[in-house]
Each structure stands twice: as structure tokens, then as C-alpha cells.
Amino acid sequence: MPLHHYRPPPNHGGITSTQQQQVTHQPPAMDVLSQSRRQLADYTNSLHRDGFLDDQFSQLQQLQDESSPDFVMEVVSLFFEDCQKLVTNMARALSELQAVDFKQVDSSVHQLKGSSSSVGAARIKNLCVAFKTCCDSQNRDGCMRCLQEVNRECVLLKNKLQTLFRLEQQIISAGGSIPM
Amino acid sequence: MGLILRFQLRQSISLTISEPGESTSSEHHPNSNSFLRGLQVALVESDDLNRSVTRRLLEKLGCSVTPLSSGYECLSAIGPATSSFQVVLLDLQLPDLDGFEVAARIRKFRSRSWPLILAMTSSSAAEEDDLWEKCMQMGLNGVIRKPILLQGIANELRRVVLQANRVV
């Protein structure tokens, strides 16, 4: 494959050298595809490295194919719907002025643990372990803290996955396919 | 008195033994999971997300899956003598009926050995020995721990189906 020579545009009336460096050339289509693939691979690796995702997510990606092309996105959407519902339920239960129904909170935590396990949302799954301990010891403040953390992690993961899907879309637009 | 079968079973897929050398793009090990193709599976799982994922796993293995979301739905679908399920994957933590209760009724109204019943559970490793004991006593054929992995479920299905064939 021939090397692509960078030819800077002609210097019209006073473009500084820094400005000139910022002008980019249009790379050939093949470069865009391999660049996008590399971006996706790097991003996916970082999500695994930082503990956002585990092997279960990789398995979901392997289950996606021509017969089920949106499988991962569908499952992820289901997951965040679940999160929303469960977090709302737990918030309500924990803000009861009288006695908190810890059994109900525990049941929601159990469900969240199951869901997060199934999609590979590792950080959220791990939070559920600590959360359950707070439920078992009927620690309202501890539970509230856990709930806030869960909520934060859900938002964080949602953003990360949206970025991931955007990178995948970039690959598809450049003529590639998912899974790679 | 007949129970109404409320689900459309996929009649066209039959269990086939693959020819030597046959392989499909969806299998990593061409011959090891081929006998699962066309296996009629009833998947009983109340959680929408878990049901979607497990269903996809089973379909990837080539099984013909009927998803059910409660104990009563399960009994309605499996009760009739004409139902052709070969395997029931049963979540033990169902909201309406206890999973063991469902299994007991299947064993009572169908037969002691058919369909094959596999329990799905999120119990911890510590509780597992007792659980296995109880499952065997109740006439279940196997246990699968959640979260469910492709190779894990393939192995357990293979073990259970082969064992059943050997008894016959």
C-alpha cells in the first residue's frame, strides 16, 4: 500500500505555522476503517481494564450476528430500563419516614445484581455485593450511599456504552462490520 | 379436561444427527454441539433481561426456544401430553410459584423422566451442595448457575441429554 504524502495547503495570506499544522488532510477510506477499528478496540479494552465491563459483555457481543444484529444494544437498553425502575423503587423504599422495608430493598438489589451480571456490568454488580451487606444489617444510611453510587455508575456506564456504540457505527459507516 | 396450549411450537425443526465433517459458521466446535440443534427447549425465566440473553444463547446453540415468564405459564405450556418440549430450563426464583413446585407438578403430570428439567439458580457456591441434593430428589436432571455462559449451558445440556439417551 503506497504511503500517503501529506501536502499542506498553499499558504494564503498569513496562516501561521501552528495553524498550518492544524489543517488535516482527507485520509483514504481504508485508513478511516482501520483507524476506527483501532479506536473501538482501544476503547473496549479500556472499559474492561477499568472494570466497567467483564467477560459476560464480550459473550453478549459474540451472540450478535446477522440474525440478531442489534442484540447487544437491545439487551443494554433493557438493562438501563431495569436500573431506572429498580433505583426508583429503592429510593422510594429508603425514603420511608417510618420503618424502611429492607426486604424490598434487598429484593431490588438482588434483581440488579442478576441483571448486571447478565450484561457484564462489573462495577454495578460489585456494588450490589456491598449494598446487600447494608440491607442485611438494616443500615439505612449505608443503603442510601450505595444507592447513590449505583445511580452514578449507571449514568457513567450508559455514557460509556453510548460512546462504544457510536464507535461501532463509525466502523459500519466506513464499510466495516460488527463484530470485527 | 384439557389444558389449552397457548404457544406456537416450531414444528418444522427436528433433532438431527450431523454428518461427519459438517460444520456451521455459528459453531466453534463443529461436532460437539451439533446434537443440540433443533432441541425443543422451554425457557422459564421471569426476568426480561435474563430471559432475552439466555434465549439468544440457546438459539445460538441451535435450540428451538419457547420463552415463558412465570410458573403458571410454564405449567400451561408443558402440561398437555401433546407438548413436545424435550428440555425445560427452569428459574428457581420465580415470582408466582416456587421453582421446585413447578418441577414437582411437571414430574407428577408428565413423567418421572421427561421432559428433562434443568434448574437455573443464582445461589452461591456455598449453598450448592444442598441445592444439588434437593434437585436430584425432586427429579430434576441438572443445575445451571447464573450468570449463564455459553459453554456452561452447552456442557450441562449435553451431559443431561446424553445421560437420558443412555438410560433409554
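Predicted model: local features only at pLDDT ≥ 70, side-chain atom pairs only at ≥ 80, totals over all residues.
In chain B, strand 1 spans residues 40–44 and includes B:Leu43. The relative accessible area of B:Leu43 is 0%, so this residue is classed as buried, the cut-off being under 20%. When neighbours within four places in sequence are set aside, the contacts of B:Leu43 include B:Arg51, B:Thr54, B:Arg55 and B:Leu58, together with B:Val65, B:Thr66, B:Pro67 and B:Leu68. B:Leu89 and B:Met120 are also among the contacts of B:Leu43. A separation of 8.6 Å is found between the C-alpha atoms of B:Leu43 and B:Val87, which are 44 residues apart along the chain.

Strand 1 of chain B pairs with strand 2 of chain B in the parallel sense, over five bridges. Within this pairing, B:Leu43 stands opposite B:Pro67 of strand 2. Strand 2 (residues 64–68) of chain B is largely enclosed by the rest of the structure, because four of its five residues are buried.

The largest nonpolar core comprises 71 residues, and A:Phe79 and A:Phe131 have the most contacts inside it. Helix 4 (residues 71–94) of chain A gives the most to this core, contributing twelve residues. Beyond its neighbours within four places in sequence, A:Phe79 contacts A:Leu112, A:Ser115, A:Ser116, A:Val119, A:Ala121, A:Ile124 and A:Leu157, as well as B:Leu49 of chain B. Another core, of 23 residues, lies apart from the largest one and includes B:Val44, B:Leu94, B:Val102 and B:Cys135. In soluble globular proteins, nonpolar side chains tend to be buried together.

Technical notes: Residues numbered from 1 in each chain as written. Chains lettered and ligands numbered in written order. Heavy atoms only, no water. Helix = DSSP H or I, 4+ residues; strand = E, 2+ residues; numbered from the N terminus. Buried < 20%, exposed > 50% of the residue type's maximum accessible area, 1.4 Å probe, protein only. Contact = heavy atoms within 4.5 Å. Pairing = 2+ DSSP bridges. Core = buried A, V, L, I, M, F, W, Y, C linked by side-chain atoms within 4.5 Å.
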